[in-house]
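Take a look at this protein model.

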There are 2 protein chains.
Amino acid sequence: MQGVKVLAGVVGAAALLGLGIILGHFAIPKGADSPAPSISASQDLDLGILETIMEQLDASRIRENLRELSREPHLSSTPRDEELVQLLLQRWRDAESGLDSAETFEYEVLLSLPSQEQPNSVTVVDPTGNILFSCRRSEENVTGEQEGPDVVPPYAAYAPPGTPQAVNAAKHGVAGVLVYTDPSDINDGQSSPSQTFPYSWGLPPSGVERGSYLEYFGDPLTPYLPANPSSFRLDPDNASGFPPIPAQPIGFEDAKVLLCNLQGASAPETWQGALGCEYRLGPGFRSDGNFSADSQVNVSVHNRLELRNSSNVLGIIRGAVEPDRYVLYGNHRDSWVHGAVDPSSGTAVLLEVTRALGTLLKKGTWRPRRSVIFGSWGAEEFGLIGSTEFTEEFFSKLQERTVAYINVDISVFANVSLRAQGTPPIQSVVFTAAKQIPAPGRSSLSIYDNWIQYSNRSSPVYGLVPSLGTLGAGSDYAPFIHFLGISSMDLAYTYDRSKTSARIYPTYHTAFDTFGYVDNFVDPGFSSHQAVSRVVGNVLLRLSDSLFLPLNVSDYSETLRSFLQAAQQDLGALLEQHSISLGPLVAAVDKFEGAAAALDERISELQKGTPDPLQVRMLNDQLMLLERSFLNSRAFPEERYYSHVLWAPRTGSVATFPGLANACSAAMNTAPGSAAWAEVQRQLSIVVAAVEAAAATLRPVADL
Amino acid sequence: MQGVKVLAGVVGAAALLGLGIILGHFAIPKGADSPAPSISASQDLDLGILETIMEQLDASRIRENLRELSREPHLSSTPRDEELVQLLLQRWRDAESGLDSAETFEYEVLLSLPSQEQPNSVTVVDPTGNILFSCRRSEENVTGEQEGPDVVPPYAAYAPPGTPQAVNAAKHGVAGVLVYTDPSDINDGQSSPSQTFPYSWGLPPSGVERGSYLEYFGDPLTPYLPANPSSFRLDPDNASGFPPIPAQPIGFEDAKVLLCNLQGASAPETWQGALGCEYRLGPGFRSDGNFSADSQVNVSVHNRLELRNSSNVLGIIRGAVEPDRYVLYGNHRDSWVHGAVDPSSGTAVLLEVTRALGTLLKKGTWRPRRSVIFGSWGAEEFGLIGSTEFTEEFFSKLQERTVAYINVDISVFANVSLRAQGTPPIQSVVFTAAKQIPAPGRSSLSIYDNWIQYSNRSSPVYGLVPSLGTLGAGSDYAPFIHFLGISSMDLAYTYDRSKTSARIYPTYHTAFDTFGYVDNFVDPGFSSHQAVSRVVGNVLLRLSDSLFLPLNVSDYSETLRSFLQAAQQDLGALLEQHSISLGPLVAAVDKFEGAAAALDERISELQKGTPDPLQVRMLNDQLMLLERSFLNSRAFPEERYYSHVLWAPRTGSVATFPGLANACSAAMNTAPGSAAWAEVQRQLSIVVAAVEAAAATLRPVADL
């Protein structure tokens, strides 16, 4: 799991501070060939097989997978990462429980790594250069796993090298950025060693969150092209998306020394945290503190850009009836350190799901209707690189043939409730699966019934339902939904938000994210891991095996209607002032609703009889391709890969179509007739065209 | 038929002349539901039905269609254009011979029209402003059809208004452009009234070719968006693609007066023509001619931009088995004047084909396997506007569902031989059809056997075959192939090139392109029109009705191999000097060939048995979608709509992949490591990725 856009936001906020060091929090929430049964073109989901798979998904096997996957640090493109490639190949090629085939796809990608010879450092120095204080260069070795040559020291990937020194940079001349996570944001305020790991799931004071500070996703040197060795590469000096100034993350233990010694005006109330002092803005250190007022903070960053090989592992089960329709299920393999939660909790589930399916496949008792492709992506932590290169290499065929993409990165953030993010067409199949599986630890309730207690919303169509989140760019689903327009989802077990306000599980991207951490604190007994494996297995089998695709496209009507209403309520008057009418958008949304409802009816009718497989195929193509009709590769020329006009990043505050929201927000204070208002009109036309195209996709197929 | 790119080239060349008037030639070659038979998912082409249709396509009906269509001038968006919309609707809604449905789709598009109040003029004036000579403002009324309010006077559409006056403009300060067509280029040298229409097919001395001088195609104000009334429109001042300076076409009769009076150095040999004098470059008039040396040419252009409604008419025959697969067949409806040849000869054929098919449909004896969509496009002469707006409005569904696009604009340039342009997958079906139909006037020969006598090439795969031309942007196929990536073709009957070197039929875009012209000179008896209707009907029926799509994708191997060889032979050494290897391209082409050959074999095997309709559908999807895999919407950011990496405009001289050819040509004289050489590498990577993607599309569908 990876925080691309999020981090760009932090850097931006930091620059506003006008300090040589930054002392804002890191407080952005994160969503963070075998024997075959006989083939019939009418082959439908077999509920007995589904039940068998549900039973065979085994918590203790997931635990053993996790132990092996997280045994050693496996940063992208290291020898241990390569060993895990081999482990995946071996499992997926197993004669008893493997897939039809598995192979690696290697790319040459630009990573950013700290120098081994010149460690990054953060110090306080007096005017003569004497070091008064040094921040830790590594985390405290609490469990014996935090030291060693394979533990990458904390750093901000892609932050450029440099040695800025200041506590009083010019207001708009920030020279460098320090980032830390406040105990109030990650530990519910707890900050002492005895209150944190290994005594609780809390982040130890020395813990430092690593991360990628790249603005875009994908290999930075080969945008829109697969990063094959022979591919054209930008000169790194011409590539965009790198942070402009050095940055370095530190632990809250060290942040306390720096922050609690600052002088100057008090920081705003919302910036105050749990370090036990009043946070001040500087400039300079207070005279009654640890450092003389003329001391400065020196940040030395020696990160280096390196071209490294990174592999995706792809495993395939060939579909029996429609092998050219793909259900994709993937997760990344690379971690920052041991990565027990991130990403190995997901890979442990992936391996258990493939084992269960592979076993049935190799026995000859099952073969899916459609092909299933499993992906273990490389270099996700550096910016979703492996998955993005995969979508670039197979752009056409994936776009034409893929039914849906399932992502399970961190499978268990916490062991309380299901969390699902996705586009509307996948809501119903996730609900169906969640209703069929008992909630871990609450076996009288289904996962669905448990979920609705923790996160729900009132749907105008269905009443109270669990709340499906939207997809940002926090994991490998991003290129699938935003670039290819494939209906996607991200599944996990998560927190009870009444019990913790931690923005993510506390040891995220630190050397404390270990097997023991998961085993003792995140999911003892692994029943939540098992629950996630069952939801994924259930959803996957429904997508791969159902005669009619379980993609409920009419659930998009609710989204479109709500986006439209937000535009009408919050932007309507403003638009009217500028003679921009929402009328064409109203008409388009009405058309979509009508076409979706009619298609629903048609499906219901067909399901009553014995439909011709070719008729079903045509209908399924409409369901599969609906998501594609929302793509416009020219809508957001400055947003690399983002083409989906409903789910591109929204910076404007109105919960409506992102292009419209952002354009209005930019035009708001410009004169009538400005270029910014022209862009509002352009964005509105783009949305209207996309919704019209979506309606056209759902209409009877011989109509225009 | 329309000359977009071509004209931009002429304007460019003119600017180099450094004259206030240009005197280069215009010498670029231009290329309601009905009863249904019982439905079976295995429904295949019925040769009996095909034979019936071939028999029913009737020359005299085509002649009557043409007489009606060309009875009055029908410039885009005029009342007569609208009457023809109604005529098409009436024919396509006819109870006895109509289609399942027909409707109009109206757009609001930016046209350029001459002012009625202030006619454009070209005069020679003396220093006091006395007019010494005026070019004609309209063509001579030779047949009684060249006068009247509906005959639009000759003009250069989209040329801006202005009144430049010069015969000696600064070398790089061309103030205006005059365009004429030399008798040597259009009339095989003939220039006297008695040698030209109405005494021959030659262009009368007063004839002037109208045309659009827009650089791009599509409505100029709504690039990439359908030009609906509510769509966002560019401010015309910000729109690109208009000529920068006034331009006006004149007849060769008037050009002679201007040109034969010039003084100065002789024009190059290749610029000399058949006006009966030596062509000189100026500056200024010779003292012993009609004008004093201090006279100047005054060009007054008063064209106006106007938003006008333009309709497409779409007619549909619903497919019986795969209604979601479309075969498209279209032509434009608008003309410059009467447009008997351009475009009505095509529309006359279109109406006869729809009559023949509609009759069988309404009788209940036939319904195609796939849907057939017929299009009558508006505003083509102004820049393929109607067809482009159609592809913008239905981008997603057309791209996902269209098997092929057939264009027949001018159906008969001359009555000698078939001419076909298209992408490689359509070659075989055109050959098959052409072999089945007798050549007009040579009934012992098939159209194929006749064709190969007039235009042939030696194929490394097949030996001597008729030569299939490539698709530029001369008619409405352009948005289908370049923007949507749909396999497309343009069909017509054409000249014996040993008999004429006219760059196009002589009355092209003049008021002499009338019914009488066609009836007397182009195709007396209309047997060539009939032949084209049969080829189109045959190709269309094979595409709509064959169980296996008759798209021979392995014919792309020959193209790729020849592009590769040209790159190796003509660019290889240069690329090597810059450390750019063609190795990855060689590997990609090899992969494509292998995958295409294997797919061919698979098709042959399946055809031997009774294949499952779903299997055939999957295979057909590969054939249909192959062309799409060559698209890259980011390959040519400056070429509006052009996304096909094999058929984008090529300016470089090497007959290879256009992006590579153009980039090499731009880099040729730059230093190693220049941005231009980086672009060569980028273009090479784009081509490699596209060919790899194409190979991936053809591989067995469960492989990556």
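How many of the 10 residues of helix α18 (residues 658-667) of chain A are buried? Eight are, which leaves this helix mostly covered. This is a predicted model.

The buried residues of α18(A) are P658(A), G659(A), L660(A), A661(A), N662(A), A663(A), C664(A) and A667(A). Their cover includes two other helices of chain A, α15 (555-577) and α19.

Now for the interface. Here 55 residues of chain A are in contact with 54 residues of chain B. In chain A, L614(A), R634(A) and L704(A) lose the most area to chain B. Together they give 18% of what that side buries. The size of an interface is often given as the accessible area lost when the parts come together. For chain A and chain B, the buried area is about 4,400 Å². Carbon and sulfur atoms give 65% of that area.

Polar and charged groups also pair up across the interface. The rule finds 15 residue pairs in polar contact between the two chains. The count of salt bridges is four. One of them joins R325(A) to D621(B), with the closest N and O atoms 3.7 Å apart.

Which elements supply the side of chain A that touches chain B? Those that give two or more residues include β10 (304-317), β11 (322-332) and α17 (613-626). The largest share, nine residues, comes from α19(A). The table sorts this side by class.

| Class, side of chain A that touches chain B | Count |
|---|---|
| Nonpolar | 28 residues |
| Polar | 11 residues |

Technical notes: Residues numbered from 1 in each chain as written. Chains lettered and ligands numbered in written order. Predicted model: local features only at pLDDT ≥ 70, side-chain atom pairs only at ≥ 80, totals over all residues. Heavy atoms only, no water. Contact = heavy atoms within 4.5 Å. Buried area = accessible area lost by both parts, 1.4 Å probe. Salt bridge = Lys/Arg side-chain N within 4 Å of Asp/Glu carboxyl O. Polar contact = N/O pair within 3.5 Å; in protein donor to acceptor, adjacent residues only side chain to side chain. Helix = DSSP H or I, 4+ residues; strand = E, 2+ residues; numbered from the N terminus. Nonpolar A, V, L, I, M, F, W, Y, C, P; charged D, E, K, R; others polar. Buried < 20%, exposed > 50% of the residue type's maximum accessible area, 1.4 Å probe, protein only.
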